[in-house]
Amino acid sequence: MDNKKKKILFIYEGVKAEEALLKNLVRVFFSSAADISILNCPADGNIYMLWTRLKKDEFETNVVDVLKEMSVIAKARLEDFRASDFSEIYLFFDYDGHNDNIPKEYANRDILGEMLETFNNETELGKLYVSYPMIESIKEIDTVTRDYRNLYIPLDEVARYKQSFSVDSAFAHYNCMNEELWLTACAAS
């Protein structure tokens, strides 16, 4: 095997929950894979802002260059990198259906569907994963009954959602999640 490390880019919007979860994910699943180097970069916005910016130039600009323009943290972390340095790009964003920063010309369109179509390949523009309503909903997963079908909230309650979780959840402490909890979370989606 070639000595050059494979580089993977994780892009996410938040700097608290997302960063903690992704660092844990890397530790649990990738720490023994010495040939992989993962770089986490916050987008300092939401997926709608990133997608709109890329769409404006007809997706001719790569995600890495756009991130460098959008985020001070991403610019610093990506300073020595080009898009071609990454073999895979993954985007982790909240649904954020309550945000109103979608340009008016896209009103009444299936923007989420268009974004999933745009970000459908980790070796091109990236592979998008959307948390509904937000990443903190992982705390709602019930490890005993594993009944995930009833885990939803109306859109008009999303803005207040973060204040509603139970602190007794097995997923409450992101840095303590183990492989079994991650597999449970994956089965819940």
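The legends below describe close-up views of a predicted model. In this predicted model, local features need pLDDT of at least 70 and side-chain atom pairs count only at pLDDT 80 or more, whereas totals for chains, interfaces and linings use all residues. Residues are numbered from 1 along each chain as its sequence is written, and side-chain values use heavy atoms, with hydrogens and water left out.

**View 1. Helix 1 and its buried residues.** Helix 1 covers residues 17–30, helices (H or I, at least four residues) and strands (E, at least two) being DSSP runs numbered from the N terminus.

**View 2. The largest nonpolar core and L67.** A nonpolar core is a set of buried Ala, Val, Leu, Ile, Met, Phe, Trp, Tyr and Cys residues joined through side-chain atoms within 4.5 Å. The largest has 28 residues, and L67 is among those with the most contacts inside it; helix 2 (47–56) is one of the elements that supply at least two residues, and helix 2 gives the most, with five. Leaving aside residues up to four places away in sequence, L67 touches (heavy atoms within 4.5 Å) L9, I11, C41, P42, A43, A74 and L78.

**View 3. Strand 3 and its partners.** Strand 3 is largely enclosed by the rest of the structure, because six of its seven residues are buried. Strand 3 runs parallel to strand 1, joined by five bridges, and pairs in the parallel sense with strand 5 (residues 126–131), also over five bridges; pairing requires that DSSP finds at least two bridges between two strands. F10 stands opposite Y90, and D94 has S131 as its bridge partner.

Note on methods:
Expected span 1.5 Å × (residues − 1). Buried < 20%, exposed > 50% of the residue type's maximum accessible area, 1.4 Å probe, protein only.
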